[in-house]
Amino acid sequence: MGGSLPPEIGNLKALIQMDMSMNQFSNSIPREIGGLQNLVNLSLRHNKLHGSIPDSMSNMVGLELLDLSHNNISGTIPKSFEKFQYLKYFNVSYNKLYGEIPSGGPFKNLSSQFFLFNEALCGSKGFSVPPCPTSSKHRSNRNRMLLLFLSLGIALVYVPITFVFVWIRYRKGKRAPQQTNSLSIATRGRISYYELLQATDARSESNLISSGSFGSVYKGILRSRTPIAVKVFNLQLEEAFKSFDTECEVWCNLRHRNLMKIITSCSNLDFKALVLEYMPNGSLDKWLYSHNYFLDIKQRLNIMIDVACALEYLHHECSSPVIHCDLKPSNVLLDENMVAHLSDFGISKLLGEDESDLYTKTLATLGYIAPEYGLDGLVSTKCDVYSYGIMLMETFTRRKPNDEMFEGDLSLKQWVSCSLPEAIVDVVDANFVTHYDNHLNNKLYCVASIMKVALDCCIESPARRIDMKDVVGMLKKIKIQLLAC
């Protein structure tokens, strides 16, 4: 299909997905496309589009995937794209773009491969491009000085007025208490034991979410009406003290959209708890094995990409690499938008500057443990990769690694390996297989590709396993193929 993209494309207001890749479209992208505010996935790769990227596309606030690769697009990447909140995949490789790559918003987590083979892109080292020239900044020094003096003049006039206004508000505030419905109250300081007791209704059975090796998690409601999850540690177990200290040490330095957010902690001689963001959709384990819950192929892949992104951050982007050590579906929690958040760092390990692995006596959950971890207690980031591979197979087969159907020496890994590629239909979750699905063969091909990634994660030798950067890249490519189904 050739020709131009018509301006009328902006009238398709209800459109959620648009894949017009592998065509012969020419001319520029019409600015009217910015009217598609409900669009989640847009692929225009492998066309002959030229001109610049319209700034109006920043109005497509729901975008998760935008692929403009393999075209002749020139100009700069709009700075306004930094305001995309949900963008996970943005590929503009093989074009003629130049100028600075935005560094804020979703661009903090994008791979450098998405910007390859352009004319003259520049920016931070994280994108493997040259730094941007600074000469233009020197030319604007005079304007900056003028702006500075103007700002000082305004400040001299308005600061006293602002001070008086704040003082008046403060005096009023002492007479009328304020209310809030946000997490800001919780983040100003520690929450007391009595507040948590009240929030969880004295840790009543009806508020119990889950129980684990070192404690229990309860749902709570703060006085501000903010829902929270309270992880209370069982201090009768010596290991629970270490688990609490480990989680506090790890959480204080981690910031990623796919990691569970810790609000604060509560600790005294007889009580230790973490106050966490509440995840209304529960765990991946619940969605896989409970009745009346179902995830389709795309939802499962999105969840596993979220987990892979969290692990990529822990292994490759933290100043001290973090090994989770206990990957399993019950430690993957889902928020109101079904975005996955990795939780429970109670037995995690931090690698020092000169360390690539270390030894531990703490064992994780059977079935997910890498061979070198289970036999010798040797842990590295490759142990997480192995556990992730097992969980990836489990997510698409709906079979636990210690399922009773695996007798003798047979394992989930061997069962999946023997099915590829011809017999994938025999191991995939039966709920996927509906004979009236016109795209069944394509979906099964994508699942077979996913299983190949999982097996590459589970190679016996740690040195031969792929890393999480590769996993993220491969799964995102499979996602694009799946979106075309």
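Modeller: Let us begin with Y94, which counts as partly exposed at 38% relative accessibility, where buried means under 20% relative accessible area, exposed over 50%, and partly exposed in between, with a 1.4 Å probe and protein chains only. This is a predicted model, in which local features need pLDDT of at least 70 and side-chain atom pairs count only at pLDDT 80 or more, while totals for chains, interfaces and linings use all residues. Residues are numbered from 1 along each chain as its sequence is written, and side-chain values use heavy atoms, with hydrogens and water left out.

Biologist: In which loop is Y94 found?

Modeller: Y94 sits in the loop between β8 (89-91) and β9 (96-100), where strands are DSSP runs of E with at least two residues and helices are runs of H or I with at least four, numbered from the N terminus.

Biologist: How should I read a disulfide here, and which residues does it join?

Modeller: A disulfide is a covalent bond between the sulfur atoms of two cysteines. Here the criterion is a pair of cysteine sulfur atoms within 2.5 Å, and the count comes to one disulfide, joining C122 to C132 with an S to S distance of 2.0 Å. C122 lies in strand β10 (residues 120-122) and C132 in the loop between β10 and α1 (135-139), so the pair ties together parts that are ten residues apart in sequence.

Biologist: Is C122 buried or exposed?

Modeller: C122 is buried, at 9% relative accessibility, whereas C132 is partly exposed at 23%.
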